Amino acid sequence: MDVAMVIPTYWAREHSIYWKEGDAIYDHPAPLDGKGTLLRILKSINVLNERDFQLVVIAVATAPEIEEKVERKVAGIVKSAKLDVETMVFGASHLKKVHELMVAEGKKEYIDLLKLWGYSRVRNICVFVPHVLGADVAILIDDDEVFEDPNFIMKATKFIGKRYGGEEVLAVAGYYLNENGDYHIKKPLSPWMREWGKLECMNKAFDKILATKPRLKRTPFVFGGNMVLHRKIWEKVPFDPNVPRGEDVDFLINAKMLGFNFFLDNQLPIKHLPPPKAFPIWMELRQDIKRFIYERAKIEHQKEVKGMQRVKAEDFDPYPGCFLRADLEERFERACKLLAEEYKAKGDEKGYKETLKNIEIAKNEAMRWKKLDAFRLFCDIQNRWESLMKWANKREIRSTMQEILVTKNI
């Protein structure tokens with residue numbers, strides 16, 4: 001079984017500028033003139049007993065004009081790690097050649113699925129590269145984590161591709177431990193956070209799945225930075241570009257619609273040590289509401305389609321199911337009003353206005369997806385993705401792609 005480990009790493013402009021209007025939004029991209037966390041995760045690979053895998057590092061920039069610098073920066077960090085693992089960096093220069101090949105082959109419709117822009121498209125690249133390299137399994141890791149368990153690879157590949165309880169296991173979720181070795185998300189809960197209830201729902205889900213037997217069980221949630229996927233699932237299931245964040249959980253919903261279940265392994269933790277988030281709370285909330293409204297519409301608009309099964313919000317309880325129901329906008333409005341008051345009390349006029357603006361955005365998003373068929377939109381994306389996977393499997397296409405991917409930049 002050929003295994004690829006894929007680590008996307010996100011980089012922004014230098015400290016003095018960091019972010020401009022129109023740049024991509026990620027939780028905590030490293031400033032180009034900073035150290036970031038990539039070297040830390042790379043060095044921690046040395047604790048692993050098994051290193052018989054290909055390592056792919058995806059260099060992601062928040063703006064097109066810094067892509068070349070980011071690719072060089074990432075390549076330099078990878079080189080300095082001096083790993084005894086076959087390693088390659090995939091950056092904008094490689095993607096450009098991939099897109100050029102698609103255009104030459106009359107396959108422009110694939111380009112939008114593979115971009116170094118937005119979490120979902122980056123995740124699609126995270127499985128596209130292993131696909132072209134001929135891997136059977138992809139282990140998706142984030143660069144703000146640290147390996148501590150020497151047997152991580154053995155555990156990650158223990159069940160994948162095998163039968164468990166009469167079902168073939170094609171997607172396994174590990175989980176995160178914080179700096180104190182706890183899987184709970186622990187933050188002081190202000191009134192708006194209690195009203196929104198996201199942390200409460202997530203911790204409830206973690207207790208239900210992580211803290212109970214058996215070791216492997218179906219899960220309604222997944223962590224994008226500790227995810228093990230088999231070729232058979234990524235050949236069918238795309239990460240949906242319409243989702244601005246939470247692309248990991250959305251992928252699980254998509255997989256469920258296509259008849260695949262995720263299994264959580266409660267013996268597959270990884271230490272998660274993220275830097276502080278780079279953007280204000282109102283911005284994260286704005287992305288969350290767009291995501292949940294779209295996912296709810298995708299579920300509500302389901303129709304009978306060959307090869308797909310109907311899913312319900314309760315299939316994803318406690319989380320994210322609690323955010324896929326009819327009371328979503330009302331809960332969001334109450335939370336935003338409380339958060340706006342917090343901003344106002346601090347004298348943050350922009351935070352106050354943008355938070356109240358979120359309420360209108362939520363209403364507009366809900367109206368938009370009542371008119372548009374979110375499920376049909378996803379089906380179109382899924383059909384294009386499956387077609388892309390088959391095209392990339394062609395011997396001559398795969399050979400050309402591999403030549404692109406192994407271009408040395410480290």
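**Notebook: helix packing and salt bridges**

I started with helices α9 (residues 247-257) and α10 (residues 281-300): their axes come within 11 Å and cross at roughly 5°. Axes here are lines fitted to C-alpha atoms over the stretch in contact, with angles from 0 to 180 degrees between N-to-C directions; helices are DSSP runs of H or I, at least four residues, numbered from the N terminus. That makes α9 roughly parallel to α10 (angles under 35 degrees count as such).

I noted that this is a predicted model, where local features need pLDDT of at least 70 and side-chain atom pairs pLDDT 80 or more, while totals for chains, interfaces and linings use all residues. Residues are numbered from 1 along each chain as its sequence is written, and side-chain values use heavy atoms, without hydrogens and water.

Next I listed the contact (heavy atoms within 4.5 Å): V249, D250, I253, N254 and M257 of α9 meet R291, E295, K298 and I299 of α10.

Then I searched the whole structure for salt bridges and got 38 (a Lys or Arg side-chain nitrogen within 4 Å of an Asp or Glu carboxyl oxygen). R291 and E295 turn up again, in a salt-bridge network with D27, K198, R245, K277, E284 and D288.

Last, K236 and E386 meet at 2.7 Å, N to O. E386 is buried at 14% relative accessible area.

Key
Helix = DSSP H or I, 4+ residues; strand = E, 2+ residues; numbered from the N terminus. Parallel < 35°, antiparallel > 145°, perpendicular 65-115°, else oblique. Buried < 20%, exposed > 50% of the residue type's maximum accessible area, 1.4 Å probe, protein only.
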